[in-house]
Amino acid sequence: MPDRLYYEPEIETLPRADLVRMQEALLLQLLPYVYNRAPLTRYIWDKAGVHPQDIKSLADFKEKAPFIDKDTIRAFRDANHDPFGGLLCVQSPLLKGVGFTSGTTGDPTPLPHAKLTLANKEWKRNFWHMGLRPGDYYTHMMFTFREGHSVDRMQDAGFKPITISISEMDVTRVIKASLTYRPKIFYLLSTPLIDGIEKHLRKNPSLDIKDVFSSYKGAVFGGEPLGPAKRQLLADWGLEVFEYSSLGDICGAMECKAHDGMHTWEDIALIENLDPEGIAPVDEGEVGELVVTSLIDDVAPLVRFRTDDLVRHSTKPCSCGRTHGRIWLQGRKGDQLLINSKSVLPVDILPHLQSLPETGAGLFQIIRREREAETLELRIGYDTDVVTDISKLEAFLTDHLQKALDVPVRMQLVTEAELLKLGPPHKIPRVSKS
Amino acid sequence: MTASMRTGSNEDCGVGTFRIGDGLQFLPISQVELERHHNFVSRILSTFHFRTGGHFLVVSLYDFFSQFMPIERAAMDAGFIVCNADDSSFDAGRVESIIRRFDVKAIAAVSNNCLDGLQGLGLNLNQVFGDAVVWAYPDCFPRLADSQAQLRKIATLGPAIGMECAAGQGLHIDHFEWEVESINGEIHLTSKMPRAIDFIQFATGKRGRVEEGICTCGNVDKRILLDS
């Protein structure tokens, strides 16, 4: 059987005009269903004086449909004692499970699902594109709380997961699995895991990490943006890295081999890129707020959900041959800080810290008491194996960041271990109020 | 691989993990093994006659899919909505959050890691699980002595898992999958069906005795009574 480039070529390379027709068909089916079942959607639409019957086309939807955001969902959740925030459309037996967000900043957000999750769908497309084929092993590092155990959901593709928990402690198991089973894909690398591998290599200098990773055709990195220093480090280990991010909690978006933006699967979600402070679409290539609508989730679909993510977006076909759009993450609207009117996001700071051995893990927090401030306040984690003089590091870092970011900087230096206590094993909250 | 393990005739569909002593060993496993394990857990759950719906919380690590994914699927078949948390003290906050926010009727499997985390959050271990059916590892039982929960034991024995039924008279071991014997007081397992890895008188490192005969729940599984 000849190899094929795409897992689902009929969908992945659908001409844009057909993709738009598909989106319209899916959306028009879903809207009355959601309106009749999801209490929050009905409340928001009634309040806006809009009914699904008013929506006859995608254009109507973009003109008339009201928005929801995290605050709307939380308010409904609290007012109605509904953990699903008024989004749930079904009960058992169609409702099979509830996954959760990591809960970095509070009670984890429930993500209810049927037998299959939408992630099961996109993983197969992404992994196939990276080079995974039926019968191949791949390393699947994950928490149980996100999707539950999902090995049987990959069987139709013939992919064989080696399952390992996400933990710095599991570095030795990743190495052993890589050498034993020679997997083709690594999913999912995170900053703390990379730091764990680096520490392991310092203690085991004779280990040939390029040989350990030599079977991999690609490694997926997620949890936060990947700075140039970490990308280079992974390249030095022989890993081609594919960045991955959540698409407003509907599913994920991932880079392809072109490494020019993350593909958004537009048969799963309708993507809009709108003025962060308004409702007008922004031009292609301009930074806007990502707004998503579920197209095939009939369990708890999000309709016109403002994600708070600032992105650039393009619907131009990618050189990889797929026609689905791409986004380039810029940061979170809620994380943006204006220092004397100059915008600062975590993504602006990360590469400057990752390029230094003392702060190479890139562990830091922006202290954001208000949206606007006169001085950028940071809490930065340093590597105790490298740093001997903290005052000297503080003076150097302050000067380094002030010059790089062109804003006044004040900082508190803490050990990396202290910062890691603040979050789950794969990331820490990038912004703190204190 | 030890002498008591050899590559079997079934093609694996993935690689999980099992504990042996203080270490971990990778466990290639086939789709039909997962199906058989699913059927075994369904048999155990059926002894409780759950007809209430609600949520089933599975506390486990991603490494151990071959032991816990069948529990998830059997719980779904029994009409439960499944929630998951990691088996670590760090994720105990999620366990508490799920119990507080959802109608949790059953939990598997509570470990000392989980209890440490819950205790660290200032919670009363005897109250936190309410009156749910809770499968806990045997070494947790002293800490749950006054619990209001309906406690049952669960334990991993090498590649296998043992679970108590509603009668709570020892850990059922799937009679279809395993021949189980106690040799000099140590539990040994031999696989009876084709697997990705066959086990031959595999020493589990767990000490106990094997109870034979029909269980009060009506099952023919041999049951293990672990030494305390």
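1. In this predicted model, chain B and chain A together bury about 3,600 Å² between them. Carbon and sulfur atoms account for 54% of that area. The size of an interface is often given as the accessible area lost when the parts come together.

2. The contact as a whole draws 42 residues from chain A and 39 residues from chain B.

3. Charged side chains also link the two chains: four salt bridges are counted between chain B and chain A. A salt bridge joins B:E11 to A:K160, and their closest N and O atoms lie 3.0 Å apart.

4. Within chain A, helix α3 (residues 39-48) and helix α5 (residues 70-80) deserve attention. Their axes come within 11 Å and cross at roughly 115°. Angles of 65 to 115 degrees count as roughly perpendicular, and α3(A) and α5(A) are therefore described as roughly perpendicular to each other. The crossing of α3(A) and α5(A) is right-handed.

5. Which residues make the contact of these two helices? From α3(A) come A:P39, A:L40, A:Y43 and A:I44, while α5(A) provides A:T72, A:I73 and A:F76. By class, the residues of the contact of α3(A) with α5(A) comprise six nonpolar, one polar and no charged.

How values were computed: Residues numbered from 1 in each chain as written. Chains lettered and ligands numbered in written order. Predicted model: local features only at pLDDT ≥ 70, side-chain atom pairs only at ≥ 80, totals over all residues. Heavy atoms only, no water. Axes fitted to C-alpha atoms, helices over the stretch in contact; angles between N-to-C directions. Helix = DSSP H or I, 4+ residues; strand = E, 2+ residues; numbered from the N terminus. Parallel < 35°, antiparallel > 145°, perpendicular 65-115°, else oblique. Left-handed = near helix turned anticlockwise from the far one by under 90°. Contact = heavy atoms within 4.5 Å. Nonpolar A, V, L, I, M, F, W, Y, C, P; charged D, E, K, R; others polar. Buried area = accessible area lost by both parts, 1.4 Å probe.
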